[in-house]
Amino acid sequence: SVRLPDDQALGGRGTIDITPDGAFMVYEGHGADGESQLWIRRWALLDATPIAQTAGARAPAVSPSGTEVAFYRNDSLLVVHLGTGATRTAASRTGAGSPRWSADSRWLYRGNTEGAYRTPSRRGPVDTLVTGLNVWHAEPLPGGIGMVYAVLRGGEDFRIDALDFRSGETTVLV
């Protein structure tokens, strides 16, 4: 368990992401002005610290290298470099969702009420992967061969689908 002091507590939706190597976590907490703010909690340190340039941020996703964090602010998908604090826009007018990184950090996957998308992490044209479905948690598969995602079908009724990028076929898993 991790104890977070009141001034570093989870906030907003309370979303967190842990680095692939387990060295630290990034989470959505409270900012100084009452807005959400991303925080980093390194296990070797006693306290979490706010991540610069992330006021108003939500839904953090740490890159496979642990050097960058993707997040949403307003209606844009942004990426902040943890070493330099430099922030860039990966996509504008994206809607909601939880971003997930590809293993090679080239792509950010996300779902929303209209479908699932793949966005270059360094900005570029957005690929529409699934349309007409309320997609949650679009998770890329190893090797870039496809993705697994949850489809909300009304109320709390979910199903889990897999999309094969090579064939374009979708399989209902559960």
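1. Strands here are DSSP runs of E, at least two residues long, numbered from the N terminus (helices are H or I runs of at least four). E6 and E7 pair in the antiparallel sense, over 6 bridges; two strands count as paired if DSSP finds at least two bridges between them. In their hairpin, 2 residues lie between the strands, and Asn74 takes a positive phi near 55 degrees.

2. A quick word on what you're looking at. This is a predicted model, where local features need pLDDT of at least 70 and side-chain atom pairs count only at pLDDT 80 or more, while totals for chains, interfaces and linings use all residues. Numbering runs from 1 along each chain as its sequence is written, and side-chain values use heavy atoms, with hydrogens and water left out.

3. Strand E5 (residues 57–62) is joined to E6 by 4 bridges, and the two run antiparallel. Their hairpin has 5 residues between the strands, with Gly66 in the turn at a positive phi of about 80 degrees.

4. How much of strand E6 (residues 68–73) is buried? 5 of its 6 residues are, so E6 is largely enclosed by the rest of the structure. Buried means under 20% relative accessible area, with exposed over 50% and partly exposed in between (1.4 Å probe, protein chains only).

5. Moving along, strand E7 (residues 76–81) and strand E8 (residues 87–91) run antiparallel and are joined by 4 bridges. Leu78 has Thr89 in E8 as its bridge partner. This hairpin has 5 residues between the strands, and Gly85 has a positive phi near 80 degrees.

6. Have a look at the charged pair. Glu68 lies in strand E6 and counts as buried, at 8% relative accessibility. Arg88 is found in strand E8, and the side chains of Glu68 and Arg88 are joined by a polar contact of 2.6 Å. Such a contact is a pair of N or O atoms within 3.5 Å; within protein, one must be able to donate a hydrogen and the other to accept it, and residues adjacent in sequence count only if both atoms are side-chain atoms. The Arg88 side chain also reaches the backbone oxygen of Ser121, at 3.0 Å.

7. There's also an open sheet of 4 strands, ordered E13-E14-E15-E16 with antiparallel pairing. E13 and strand E16 (170–172) are at the edges with a single partner strand each, so one side of each has no neighbour in the sheet. The twist averages 25 degrees from one strand to the next (axes are lines fitted to C-alpha atoms, for helices over the stretch in contact, and angles run from 0 to 180 degrees between N-to-C directions). Strand E15 (residues 158–164) and E16 are joined by 3 bridges, and Asp161 stands opposite Val172 in E16.

8. Finally, which residues lie nearest the centre of the second largest pocket? They are Pro64, Trp101, Ser102, Ala103 and Pro140, out of 20 lining residues. On a 1 Å grid over the protein atoms alone, a pocket is an open set of points with protein on both sides within 12 Å along at least five of seven lines, and lining residues have an atom within 4 Å of a point; a cavity is a set where a 1.4 Å probe fits but cannot get out. The elements giving two or more residues to this lining are strand E1 (16–18), strand E9 (100–101), strand E10 (107–112) and strand E13 (134–140).
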